[in-house]
Amino acid sequence: MEGSGTWQGLTLVSIVTWICLSSYLRLTQKVRSLVQPWVARQVVGGVPLILEIQKHQSGVLDALFSGLSCVVSVPFYTAFLPLLFWSGHGRLARQMTLLIAFCDYLGNCIKDVVSAPRPSCPPVRRITATKDEEDNAMEYGLPSSHTLNTVCLSGYLLHYVLSSFEHEESSIQYYGFAFACLLVALIAFGRIYLGMHSVVDIIAGLAIGVLTLGLWLTVNENIDDFITSKQNVSSFWTALSFLLLFAYPTPENPTPSYEYHTAFTGVALGIVTGVQQTYSQFHHEGAPRIFSPELPVTAYIGRVMVGIPTILLVKFCSKSLAKWILPTVSNTLGIPIRSTTYIPKLKLDKGYANGKNTDETKNSVGYSQKMCEFLNQDSFDIDTGIRFLQYAGLAWSVVDLVPSMFSYLNL
């Protein structure tokens, strides 16, 4: 117990120290000044290759690569992971959730540190078939998140399947590895074909993905043991998630990357806290799995029909509660806030907390202003907290509320 508390404390202190040092030394700006010019030259130099590839464009290839991009996108995983949890494969589902959250955070951090451009459009033809792709095009280029995520998740899924079923035939391992490589190759080539990335972005995505997968395969068992059996899980993960919001680097210009990381950090918190509380009831290794007599397909379909509307309702309710609670708490503490999306009224307040500066809040206002000055902030974006709580509530409902409903309904 003491050992667990010690490393948790050291982890949190290390992150706080990193935030302070990186801000004081302006590490993001220094790294960007070194790396960005070289990457930008590689992007410009890679345009002729992209144009050569796009000479072979066709409606079939457009649909193929656009479809593959949607299948490995973050929204797809967000929709797919609840179904995996409810199928009884809890360990696989929580590991893939935490892995994609880690990949999303790491990839977006690197994107915003480097702040390298995507291939110029025109002359490159950029295909954005969905709203999600349009948002992706607003992010910086290096590394390719689709490539990074595909390497990590397909690699981990292959590892999980082979280790769980212990196939002795080498041919099965060979075909599984070949399929994973083919998927990665198609995704990587498709990002170039669609005009979303240059070759240097793809190479960086592949390299970072392989390193991340190797690291995850080394520590995933320890992480899972901690989540399912150790103490202080919820408090530690809450503090960790909060600090990661401040540890994120500031990009050269605002992009949607921070929003994506905030959402998936909230998802990870909701999954961890929910699983830790209900592991012995719903998420242990002996839980009924789909296609077994305890969980036939008809019962699983019933779970989906009950679960999907429930989590969507929780997402809406948690967003509404956060929009009401967070501004109230911020005003009480004298924290200056702003909103660019969720609360139109705060767009007119120029980032300052509403309400009177009463004697009760003078001290808290002073502390809040000092904190803002220390973090080089004139105000805090309340949208970040709303988005974080919204997705944390959604994820918690996936692993706690909805399984409780399944138990009550005998599904």
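This is a predicted model: local features need pLDDT of at least 70, side-chain atom pairs count only at pLDDT 80 or more; totals for chains, interfaces and linings use all residues.

Trainee: Let's start with H6 and H10. At what angle do they pack, and how far apart are their axes?
Mentor: Helix H6, residues 90-114, packs against helix H10, residues 199-229, at an angle of about 135°, and their axes are 10 Å apart.

Trainee: Is that pair oblique or roughly antiparallel?
Mentor: Oblique: an angle has to be over 145 degrees to count as roughly antiparallel, and the angle here is about 135°. H6 and H10 are therefore oblique to each other.

Trainee: Which hand does the crossing of H6 and H10 have?
Mentor: The crossing of these two helices is right-handed.

Trainee: And which residues make the contact?
Mentor: From H6 the contributors are Arg91, Arg94, Gln95, Leu98, Leu99, Phe102, Cys103, Leu106 and Ile110. H10 supplies Ile208, Thr212, Leu215, Trp216, Asn220, Glu221, Ile223, Asp224, Ile227 and Thr228.

Trainee: How do they divide by class?
Mentor: The contact of H6 with H10 has eleven nonpolar residues, four polar and four charged.

Trainee: Staying in H6, what about Ala93: buried or exposed?
Mentor: Ala93, which is found in helix H6, is buried, with a relative accessible area of 0%.

Trainee: What does Ala93 touch, apart from residues up to four places away in sequence?
Mentor: With those set aside, Ala93 touches Leu81, Leu84 and Phe85. Leu81 is twelve residues from Ala93 along the chain, and their C-alpha atoms are separated by 6.1 Å.

Trainee: New topic: how do H11 and H12 pack?
Mentor: Helix H11 (residues 233-247) and helix H12 (residues 257-283) pack at an angle of about 175°, with axes 9 Å apart. They are therefore roughly antiparallel to each other.

Trainee: Which residues meet there?
Mentor: On the H11 side, Val233, Ser234, Trp237, Thr238, Ser241, Leu244 and Leu245 take part. They meet residues of H12 that include Tyr258, His261, Thr262, Ala268 and Gln277.

Trainee: How many of the residues in that contact are nonpolar, polar or charged?
Mentor: The contact of H11 with H12 has eight nonpolar and nine polar residues, with no charged ones.

Trainee: Last one: where does Thr310 lie?
Mentor: Thr310 lies in helix H13, residues 297-333. Its relative accessible area is 13%, so Thr310 is buried.

Trainee: What does the side chain of Thr310 reach?
Mentor: That side chain reaches the backbone oxygen of Val306 at 2.7 Å. Leaving aside neighbours within four places in sequence, Thr310 is in contact with Leu401, Val402 and Met405.

Terms used
Residues are numbered from 1 along each chain as its sequence is written. Side-chain values use heavy atoms; hydrogens and water are left out. Axes are lines fitted to C-alpha atoms, for helices over the stretch in contact, and angles run from 0 to 180 degrees between N-to-C directions. Helices (H or I, at least four residues) and strands (E, at least two) are DSSP runs, numbered from the N terminus. Angles under 35 degrees count as roughly parallel, over 145 as roughly antiparallel, 65 to 115 as roughly perpendicular and the rest as oblique. A crossing is left-handed if the near helix is turned anticlockwise from the far one by less than a right angle, and right-handed if clockwise. Contact means heavy atoms within 4.5 Å. Ala, Val, Leu, Ile, Met, Phe, Trp, Tyr, Cys and Pro count as nonpolar, Asp, Glu, Lys and Arg as charged, and the others, Gly among them, as polar. Buried means under 20% relative accessible area, exposed over 50%, partly exposed in between (1.4 Å probe, protein chains only). A polar contact is a pair of N or O atoms within 3.5 Å; within protein, one must be able to donate a hydrogen and the other to accept it, and residues adjacent in sequence count only if both atoms are side-chain atoms.
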